Each structure stands twice: as C-alpha cells, then as structure tokens.
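Here is my note on the model you sent. Please keep the structure open while you read the points.

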Amino acid sequence: MTTYKQAGVDIEAGDELVEHIKPLARATDRPGVLGGIGGFGALFDLKAAGFVDPVLVSSTDGVGTKLLIAIETGLHDTVGIDLVAMCVNDLVVQGAEPLFFLDYFASGKLAVADAAKVVAGIAEGCRQCGAALVGGETAEMPGMYAPGHYDLAGFAVGAAERRALLPAGVAAGDALLGLPSSGVHSNGFSLVRRVVEMSGLAWDDPAPFAAAGSLAAALMTPTRLYVHQVLSLHRAGLLHAAAHITGGGLAGNLPRVLPAGLDAVIDRAWTPPPVFGWLAATGRIDVQEMLSVFNCGIGMVLVVPNAAAATAALIAQGETPILLGHIATSAGPEPAVRWESKMPDFSV
C-alpha cells in the first residue's frame with residue numbers, strides 16, 4: 001500500500017507545526033479579530049477595530065534570497081520579522097494601520113523545528129506592529145525545493161479612514177526626513193551573497209564591518225518596522241507622504257509618492273552604515289549601483305510640512321531622523337529624485 005507519507009508529505013508534521021503556531025498567533029490578537037487559527041478563513045470586524053469609514057489596504061511580499069543565508073547557517077529566528085516588515089512598511093506609507101497578517105511557508109520536506117522558529121519571528125513582527133497573525137498555509141511539496149530549503153510569502157491587510165489616506169498635500173517646500181535602516185534589510189541579497197563569495201569569508205567568520213558577531217548574524221539583522229513612527233506622525237498632522245525604501249533605492253521609491261510637477265531634492269549628504277561601505281569596497285560596486293540596489297542606511301523617507309516639529313516628535317519616540325532635502329517644482333515630465341549634494345561616502 002502506498003501512502004502520502006511515502007510520497008514525501010507528512011500530514012502529522014504539519015499538524016505538529018500548527019500546534020506550535022496556535023499560542024504564537026493568540027499572542028498577537030487585537031480588537032477586530034473573530035475566531036482563531038484552524039478555520040478555513042479568518043474573520044475581522046472593522047467596526048470592532050474602531051473604523052468609521054475605512055478603506056482596506058493590502059500588501060504582499062517575501063524575503064528574497066536572504067532566506068538562503070538563513071538556510072545555510074541555521075539562523076531562522078528573524079526572517080519572519082523581515083517578512084512582516086516588508087509587507088506592513090508598504091501599508092503604513094498609505095496611512096493604513098496594519099490589522100492582520102497571513103503567511104505562506106513552502107518546503108520540500110517540513111522541518112518542524114526550523115519552521116517553528118520562522119513562525120515565531122512572524123509572530124514577533126506582528127506583535128511589534130500591532131497586527132494579528134490570523135492564519136496561513138504550510139505547503140510540503142516534495143521535488144519542488146532542494147533538501148532543507150523553504151520559501152516564504154506574507155500577506156498583510158490594513159485599513160485607513162478614507163479622509164486620512166496618504167499621500168496627501170505634498171507641496172514644494174516640504175522637507176524630506178530619513179529614518180535610519182538597521183542594515184541591508186531584505187533587498188539586494190543576491191548581490192550581497194556574490195560579494196561574500198568574492199570576499200572569501202565564511203558565514204561564521206567575524207563581520208568585518210561590525211564590532212562583534214559573525215558575518216551571517218550581522219547580515220541577518222532584521223528589517224526595521226516603521227509602523228508606529230509613521231502612524232504617530234500622521235495622526236499628529238505632521239506627515240504628507242512616506243516612502244518605504246526597498247529595491248530601487250531612493251530614486252526608485254521616493255517618486256512613487258510624489259504628485260506630477262514635483263521632485264524630491266536631496267541636498268544633504270549622510271554617512272551610510274559600515275555594512276554598505278564594506279559591500280561597496282569588497283564588491284567594487286560604484287555609488288550609483290549601491291544607491292539603486294540598497295537602502296544605503298535610509299529605510300523610510302517622510303515628506304513633512306514642518307521639519308522642526310516632525311523631528312522633535314520623532315526624537316521623542318527614540319528615532320534619529322536625518323534631514324535629506326526638500327520638495328521642489330519638477331524639472332521634468334515625471335517626479336524624480338534630484339541630487340544637489342555630494343553622493344553618500346561609502347569609503348571604509
């Protein structure tokens with residue numbers, strides 16, 4: 001007799017993982033959640049969450065080839081935070097409060113202990129941003145993935161009152177404030193892995209750009225969550241727009257929140273964190289390529305009408321905002337980023 005388990009799919013392992021997930025999910029409950037893990041669908045009551053005239057905002061993303069470092073080193077604990085951050089940081093720039101999150105975990109053969117670490121990271125990311133982990137899917141697909149490999153996708157849903165959607169009110173003279181990144185975040189890791197290969201370093205070697213810890217641990221630093229900072233500024237009436245700086249860098253993401261006729265002018269230089277200097281020097285990557293691939297130390301850009309008031313509010317939250325420039329009348333047919341300062345210095 002041939003069984004599903006003999007074909008490579010272990011239903012009991014999946015059930016075991018669900019039992020690990022249930023308490024993690026319950027710990028992320030928030031007003032509006034109806035029911036719990038285990039149903040065919042997740043229910044959410046917007047009225048119970050306090051919304052009057054809500055617009056739903058949704059986002060989906062993954063962690064990319066950063067997962068390969070987790071797989072090769074066994075550092076599975078923080079990629080779940082990355083997954084949540086990549087989704088909810090995209091929601092919040094539209095003025096939306098993250099409400100709930102679902103994940104998709106796919107592997108050739110389910111390793112329950114590793115998957116549980118990943119999901120624990122997802123739950124932690126949800127806890128940090130106030131979203132409920134309401135469900136997901138664990139797919140075991142023999143032959144689709146190499147032994148020990150897995151992939152992740154995340155799905156976030158948020159809501160904003162119709163009158164409070166962003167961007168809104170962006171005008172010439174607004175200031176650009178940058179919120180620091182924690183490092184590479186979750187973009188550009190195909191290039192990062194190529195540079196590590198060129199360096200000849202092993203994952204467990206000391207990180208050349210950090211005071212302590214291994215190269216792998218330093219590069220696995222999770223993506224920052226900017227939800228509370230952005231929402232707090234928005235609710236105080238101090239925010240016109242925000243841009244999550246992911247793949248494509250400043251030039252690829254900041255114009256997405258600007259109306260026609262306006263440009264973002266970068267007229268202040270900043271010093272990128274040491275990891276970017278090491279990547280640039282070791283990989284012989286020029287400045288333009290660095291800026292088009294990586295966040296280079298700026299994880300979120302805020303377009304604000306009053307730089308002093310916004311800066312004070314962010315500092316009160318423990319942030320260290322960086323004044324980058326301002327909004328000006330466009331010099332071309334489409335919104336763009338114009339550099340009127342020295343490019344960042346990646347020297348090490």
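Which elements do the buried residues of helix 2 pack against?

1. **Helix 2.** The buried residues of helix 2 pack against helix 3, strand 6 (150-161), helix 5 and helix 6. Contact here means heavy atoms within 4.5 Å. Buried means under 20% relative accessible area, exposed means over 50%, and partly exposed is in between (1.4 Å probe, protein chains only). Helices (H or I, at least four residues) and strands (E, at least two) are DSSP runs, numbered from the N terminus. Six of the eight residues of helix 2 (residues 66-73) are buried, so the rest of the structure largely encloses this helix. The buried ones are Lys66, Leu67, Leu68, Ile69, Ala70 and Ile71. Gly74 follows helix 2 and has a positive phi, near 80 degrees.

2. **What you are looking at.** This is a predicted model: local features need pLDDT of at least 70, side-chain atom pairs count only at pLDDT 80 or more, and totals for chains, interfaces and linings use all residues. Residues are numbered from 1 along each chain as its sequence is written, and side-chain values use heavy atoms, with hydrogens and water left out.

3. **Thr223.** Find this residue in the loop between helix 6 (215-219) and helix 7 (227-235). Thr223 counts as buried because its relative accessibility is 2%. Its side chain makes two polar contacts to look at. A polar contact is a pair of N or O atoms within 3.5 Å; within protein, one must be able to donate a hydrogen and the other to accept it, and residues adjacent in sequence count only if both atoms are side-chain atoms. One joins the side chains of Thr223 and Asp82, at 2.6 Å. Another joins the side chains of Thr223 and Ser186, at 2.8 Å. Leaving out residues up to four places away in sequence, the residues that Thr223 touches include Lys66, Ile81, Met86 and His185.

4. **His185.** This residue sits in the loop between strand 7 (175-180) and helix 5. Is His185 buried or exposed? His185 is buried, with a relative accessible area of 3%.

5. **Arg284.** Here is another positive phi in a residue that is not a glycine: about 50 degrees. Arg284 lies in the loop between helix 9 and helix 10 (287-293). At 69% relative accessibility, Arg284 counts as exposed.

6. **A cis bond.** Check the peptide bond from Leu166 to Pro167. This bond is cis, with omega near 0 degrees. Pro167 lies in the loop between strand 6 and strand 7.

7. **Aromatic pairs.** How many aromatic pairs does a search of the whole structure find? The search finds five. Rings of Phe, Tyr and Trp (its six-membered ring) pair if their centres lie within 6.5 Å; planes under 30 degrees apart count as stacked, over 60 as edge-to-face and the rest as tilted. Phe209 and Trp278 form a tilted pair, 5.5 Å centre to centre, with 45 degrees between the planes. The pair links distant parts of the chain, 69 residues apart: Phe209 is in the loop between helix 5 and helix 6, and Trp278 is in helix 9. Phe209 is buried at 15% relative accessibility, and Trp278 is buried at 10%. Trp270 and Trp339 form a stacked pair, because their ring centres are 6.1 Å apart and their planes lie at 25 degrees. Trp270 is buried at 6%, whereas Trp339 is partly exposed at 25%.

8. **Cys87.** Look in helix 3 (residues 79-92) for this one. Cys87 is buried, with a relative accessible area of 0%. Among the residues it touches are Ser59, Phe101 and Phe155, not counting residues up to four places away in sequence.

9. **Asn253.** This residue is found in helix 8 (residues 249-253). Asn253 is buried, with a relative accessible area of 2%. A polar atom of its side chain lies 3.4 Å from the backbone oxygen of Thr246. The backbone oxygen of Gly247 lies 3.3 Å from a polar atom of the Asn253 side chain.
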